[in-house]
Amino acid sequence: MAECCCGSDNPISLLYACSGAANTGYLADNVARALASRGLGKMTCLAAVGAGLSGFVESAKGAGENLVIDGCPVACGRKVFENLGIPFRHFVTTDYGVEKGRTEITARLIDRTADSLAKELAHGCDCAAG
Amino acid sequence: MTIQILGTGCPKCRQLEANAREALASMSLEATVEKVTDLDAIMDMGVMMTPGLAVDGVVKSTAKVLGKDEIVRILQGGK
(Lines give C-alpha, C1' and ligand atoms only; values in the text may rest on other atoms or scores of the structure.)
Protein backbone atom coordinates (compact mmCIF):
# COMPACT_ATOMS: atom_id res chain seq x y z
CA MET A 1 0.00 0.00 0.00
CA ALA A 2 1.32 3.44 -0.90
CA GLU A 3 1.96 5.72 2.05
CA CYS A 4 0.78 9.29 2.24
CA CYS A 5 3.56 11.59 3.42
CA CYS A 6 1.04 14.19 4.53
CA GLY A 7 1.97 15.39 7.98
CA SER A 8 5.10 13.24 8.15
CA ASP A 9 8.69 14.35 7.78
CA ASN A 10 9.95 10.78 8.09
CA PRO A 11 9.60 8.93 4.80
CA ILE A 12 9.12 5.19 5.10
CA SER A 13 11.79 2.53 4.66
CA LEU A 14 11.49 0.34 1.59
CA LEU A 15 12.42 -3.34 1.54
CA TYR A 16 13.82 -5.05 -1.53
CA ALA A 17 14.58 -8.76 -1.81
CA CYS A 18 16.53 -10.90 -4.21
CA SER A 19 14.22 -12.59 -6.66
CA GLY A 20 16.70 -15.29 -7.60
CA ALA A 21 15.95 -18.94 -8.18
CA ALA A 22 18.12 -20.42 -5.43
CA ASN A 23 17.15 -21.27 -1.88
CA THR A 24 18.91 -18.09 -0.77
CA GLY A 25 16.65 -15.96 -3.00
CA TYR A 26 13.64 -17.71 -1.52
CA LEU A 27 14.94 -16.93 1.96
CA ALA A 28 15.64 -13.27 1.10
CA ASP A 29 12.12 -12.85 -0.20
CA ASN A 30 10.55 -14.43 2.86
CA VAL A 31 12.72 -12.47 5.27
CA ALA A 32 11.70 -9.23 3.54
CA ARG A 33 8.05 -10.21 3.92
CA ALA A 34 8.62 -11.04 7.59
CA LEU A 35 10.28 -7.67 8.23
CA ALA A 36 7.44 -5.90 6.41
CA SER A 37 4.88 -7.70 8.56
CA ARG A 38 6.79 -6.51 11.63
CA GLY A 39 6.37 -2.94 10.40
CA LEU A 40 10.04 -2.39 9.61
CA GLY A 41 9.38 -1.23 6.07
CA LYS A 42 7.22 -1.59 3.00
CA MET A 43 8.17 -4.23 0.49
CA THR A 44 8.50 -3.21 -3.11
CA CYS A 45 10.00 -4.65 -6.30
CA LEU A 46 13.75 -4.87 -6.78
CA ALA A 47 13.28 -6.08 -10.36
CA ALA A 48 11.25 -2.96 -11.20
CA VAL A 49 14.02 -0.73 -9.83
CA GLY A 50 16.53 -2.73 -11.88
CA ALA A 51 14.38 -2.26 -14.97
CA GLY A 52 14.46 1.48 -14.37
CA LEU A 53 10.70 1.91 -14.05
CA SER A 54 10.32 5.55 -13.11
CA GLY A 55 7.90 5.24 -10.19
CA PHE A 56 9.95 2.57 -8.46
CA VAL A 57 13.21 4.47 -8.98
CA GLU A 58 11.74 7.73 -7.72
CA SER A 59 10.24 5.93 -4.71
CA ALA A 60 13.69 4.55 -3.89
CA LYS A 61 15.14 8.06 -4.12
CA GLY A 62 12.46 9.38 -1.80
CA ALA A 63 12.56 6.58 0.79
CA GLY A 64 13.82 7.14 4.30
CA GLU A 65 15.99 4.05 3.89
CA ASN A 66 16.31 1.41 1.21
CA LEU A 67 16.90 -2.00 2.77
CA VAL A 68 18.28 -4.41 0.19
CA ILE A 69 18.36 -8.12 1.03
CA ASP A 70 20.41 -10.14 -1.41
CA GLY A 71 20.36 -13.90 -1.43
CA CYS A 72 24.01 -14.50 -2.18
CA PRO A 73 27.30 -12.68 -2.77
CA VAL A 74 26.47 -12.17 -6.46
CA ALA A 75 24.62 -9.23 -4.90
CA CYS A 76 22.36 -8.20 -7.79
CA GLY A 77 20.38 -5.95 -5.45
CA ARG A 78 23.49 -4.11 -4.33
CA LYS A 79 24.56 -3.59 -7.94
CA VAL A 80 21.13 -2.27 -8.93
CA PHE A 81 21.35 0.42 -6.25
CA GLU A 82 25.00 1.18 -6.92
CA ASN A 83 24.29 1.62 -10.62
CA LEU A 84 21.56 4.12 -9.82
CA GLY A 85 23.60 5.89 -7.14
CA ILE A 86 20.84 5.55 -4.57
CA PRO A 87 21.87 5.03 -0.90
CA PHE A 88 20.90 1.73 0.70
CA ARG A 89 21.62 -0.67 3.54
CA HIS A 90 22.71 -4.08 2.40
CA PHE A 91 22.21 -7.59 3.77
CA VAL A 92 23.11 -10.98 2.29
CA THR A 93 21.42 -14.13 3.55
CA THR A 94 24.62 -16.18 3.24
CA ASP A 95 26.08 -13.99 6.00
CA TYR A 96 23.58 -15.63 8.35
CA GLY A 97 24.78 -19.22 8.14
CA VAL A 98 22.89 -20.18 5.01
CA GLU A 99 24.56 -22.12 2.24
CA LYS A 100 23.48 -21.44 -1.32
CA GLY A 101 21.98 -24.52 -2.97
CA ARG A 102 22.17 -26.57 0.22
CA THR A 103 20.40 -25.17 3.24
CA GLU A 104 16.75 -26.08 3.52
CA ILE A 105 14.63 -22.97 4.02
CA THR A 106 12.24 -23.55 6.89
CA ALA A 107 9.82 -21.25 8.68
CA ARG A 108 12.15 -21.36 11.68
CA LEU A 109 15.13 -20.27 9.58
CA ILE A 110 13.09 -17.42 8.06
CA ASP A 111 12.12 -16.22 11.56
CA ARG A 112 15.67 -16.55 12.88
CA THR A 113 17.16 -14.63 9.94
CA ALA A 114 14.47 -11.96 10.20
CA ASP A 115 15.30 -11.63 13.91
CA SER A 116 18.97 -11.09 13.09
CA LEU A 117 18.24 -8.47 10.46
CA ALA A 118 15.76 -6.72 12.72
CA LYS A 119 18.46 -6.45 15.40
CA GLU A 120 20.89 -4.96 12.90
CA LEU A 121 18.27 -2.53 11.69
CA ALA A 122 17.78 -1.35 15.24
CA HIS A 123 21.42 -0.28 15.29
CA GLY A 124 22.84 2.72 13.46
CA CYS A 125 22.78 3.11 9.71
CA ASP A 126 25.87 2.18 7.73
CA CYS A 127 24.34 3.08 4.38
CA ALA A 128 26.34 2.11 1.35
CA ALA A 129 27.51 5.13 -0.55
CA GLY A 130 25.22 6.17 -3.33
CA MET B 1 1.17 16.80 -22.34
CA THR B 2 -0.47 15.19 -19.33
CA ILE B 3 0.59 15.92 -15.78
CA GLN B 4 -0.60 13.48 -13.16
CA ILE B 5 -0.79 14.31 -9.48
CA LEU B 6 -0.56 11.06 -7.57
CA GLY B 7 -2.16 11.06 -4.15
CA THR B 8 -5.36 10.53 -2.27
CA GLY B 9 -6.23 14.19 -1.91
CA CYS B 10 -4.37 15.28 1.20
CA PRO B 11 -3.24 18.92 1.62
CA LYS B 12 0.22 18.13 0.22
CA CYS B 13 -1.33 16.60 -2.90
CA ARG B 14 -3.51 19.67 -3.36
CA GLN B 15 -0.50 21.94 -2.90
CA LEU B 16 1.45 19.97 -5.51
CA GLU B 17 -1.44 20.30 -7.93
CA ALA B 18 -1.61 24.05 -7.32
CA ASN B 19 2.14 24.37 -7.87
CA ALA B 20 1.90 22.36 -11.10
CA ARG B 21 -0.86 24.60 -12.40
CA GLU B 22 1.19 27.66 -11.44
CA ALA B 23 4.21 26.25 -13.27
CA LEU B 24 2.14 25.62 -16.39
CA ALA B 25 0.70 29.12 -16.28
CA SER B 26 4.13 30.69 -15.91
CA MET B 27 5.30 28.81 -19.02
CA SER B 28 2.09 29.45 -20.95
CA LEU B 29 2.02 25.71 -21.52
CA GLU B 30 -1.09 23.76 -22.45
CA ALA B 31 -1.39 20.53 -20.52
CA THR B 32 -3.97 18.31 -18.94
CA VAL B 33 -3.66 18.07 -15.17
CA GLU B 34 -5.08 14.81 -13.94
CA LYS B 35 -5.49 13.68 -10.35
CA VAL B 36 -4.87 9.99 -9.68
CA THR B 37 -6.41 9.14 -6.31
CA ASP B 38 -6.88 5.38 -6.64
CA LEU B 39 -4.21 3.70 -4.51
CA ASP B 40 -4.02 0.63 -6.72
CA ALA B 41 -3.35 2.81 -9.75
CA ILE B 42 -0.71 4.74 -7.79
CA MET B 43 0.95 1.49 -6.68
CA ASP B 44 0.88 0.17 -10.24
CA MET B 45 3.02 3.15 -11.17
CA GLY B 46 5.51 2.07 -8.49
CA VAL B 47 4.83 5.03 -6.24
CA MET B 48 5.20 3.99 -2.61
CA MET B 49 4.93 7.45 -1.06
CA THR B 50 2.65 10.24 -2.12
CA PRO B 51 2.36 12.91 -3.29
CA GLY B 52 3.88 12.04 -6.63
CA LEU B 53 4.11 13.82 -9.93
CA ALA B 54 4.24 12.20 -13.36
CA VAL B 55 4.62 13.76 -16.79
CA ASP B 56 3.24 11.79 -19.72
CA GLY B 57 3.25 8.64 -17.61
CA VAL B 58 6.81 9.00 -16.33
CA VAL B 59 7.07 9.50 -12.57
CA LYS B 60 9.32 12.48 -11.81
CA SER B 61 9.07 12.66 -8.03
CA THR B 62 7.54 11.01 -5.00
CA ALA B 63 7.09 11.90 -1.35
CA LYS B 64 7.52 15.62 -1.79
CA VAL B 65 5.72 18.77 -2.71
CA LEU B 66 7.71 20.18 -5.59
CA GLY B 67 7.76 23.94 -5.82
CA LYS B 68 6.70 25.81 -8.94
CA ASP B 69 10.30 26.36 -10.06
CA GLU B 70 11.18 22.70 -9.62
CA ILE B 71 8.21 21.72 -11.75
CA VAL B 72 9.19 24.27 -14.39
CA ARG B 73 12.66 22.68 -14.56
CA ILE B 74 11.10 19.23 -14.99
CA LEU B 75 8.79 20.46 -17.73
CA GLN B 76 11.75 22.05 -19.48
CA GLY B 77 13.33 18.63 -19.62
CA GLY B 78 15.58 18.88 -16.60
CA LYS B 79 15.27 17.05 -13.32
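I count two strands as paired if DSSP finds at least two bridges between them. Helices (H or I, at least four residues) and strands (E, at least two) are DSSP runs, and I number them from the N terminus.

**Ground rules.** I am working on a predicted model, where local features need pLDDT of at least 70, side-chain atom pairs count only at pLDDT 80 or more, and totals for chains, interfaces and linings use all residues. Residues are numbered from 1 along each chain as its sequence is written, and chains are lettered from A and ligands numbered from 1 in the order in which they are written.

**Chain B, sheet.** I looked up the strand order. It is β2-β1-β4-β5 in an open sheet of four strands, with mixed pairing. β2 and β5 of chain B are the edge strands, each pairing on one side only. On average, neighbouring strands of this sheet are turned by 20° against each other, direction ignored. I take axes as lines fitted to C-alpha atoms, for helices over the stretch in contact; angles run from 0 to 180 degrees between N-to-C directions.

**Chain B, β1 and β2.** I checked how these two run. Strand β1(B) (residues 2-6) and strand β2(B) (residues 32-36) are parallel and joined by five bridges. From β1(B) the chain crosses through helix α1(B) (residues 11-27) to β2(B), a right-handed β-α-β crossover. Right-handed here means that, with the strands pointing away from the viewer, the path from the first strand over the helix to the second runs clockwise. I noted two bridge partners in β2(B): B:K35 for B:I5, and B:V36 for B:L6.

**Chain B, helix α1.** Which strands does α1(B) lie across? They are β1, β2 and β4 (52-55) of chain B, and the helix runs at about 160° to β1(B). Next I looked at its helix partner. The axes of α1(B) and helix α3(B) (residues 68-75) come within 8 Å and cross at roughly 60°. I find the crossing of α1(B) and α3(B) right-handed; that is, the near helix is turned clockwise from the far one by less than a right angle. Contacts (C-beta atoms, placed from the backbone, within 7 Å) include B:A20 and B:A23 from α1(B), with B:I71 and B:L75 among those from α3(B).

**Chain A, overview.** I count five helices and five strands. Along the sequence the pattern is β-β-α-β-α-α-β-α-β-α. Of its 130 residues, 38% are buried. Buried means 20 or more other C-beta atoms within 10 Å of a residue's own, exposed 12 or fewer, partly exposed in between, with C-beta atoms placed from the backbone.

**Chain A, sheet.** An open sheet of four strands has the order β3-β2-β4-β5, with parallel pairing. Its edge strands are β3 (42-43) and β5 (89-92). Five bridges join β2(A) (residues 13-17) to β4(A) (residues 65-70). In β4(A), A:E65 is the bridge partner of A:S13. Helix α4(A) (residues 76-84) packs on the sheet and touches β2, β4 and β5 of chain A. Its direction makes about 145° with that of β4(A).

**Chain A, helix α3.** Why is helix α3(A) (residues 54-62) largely enclosed by the rest of the structure? Because eight of its nine residues are buried. Among them are A:F56, A:V57 and A:E58. The cover includes β2, α2 (46-50), β4 and α4 of chain A, and also β3 (49-50) and β5 (58-62) of chain B.

How values were computed:
Contact = placed C-beta atoms within 7 Å.
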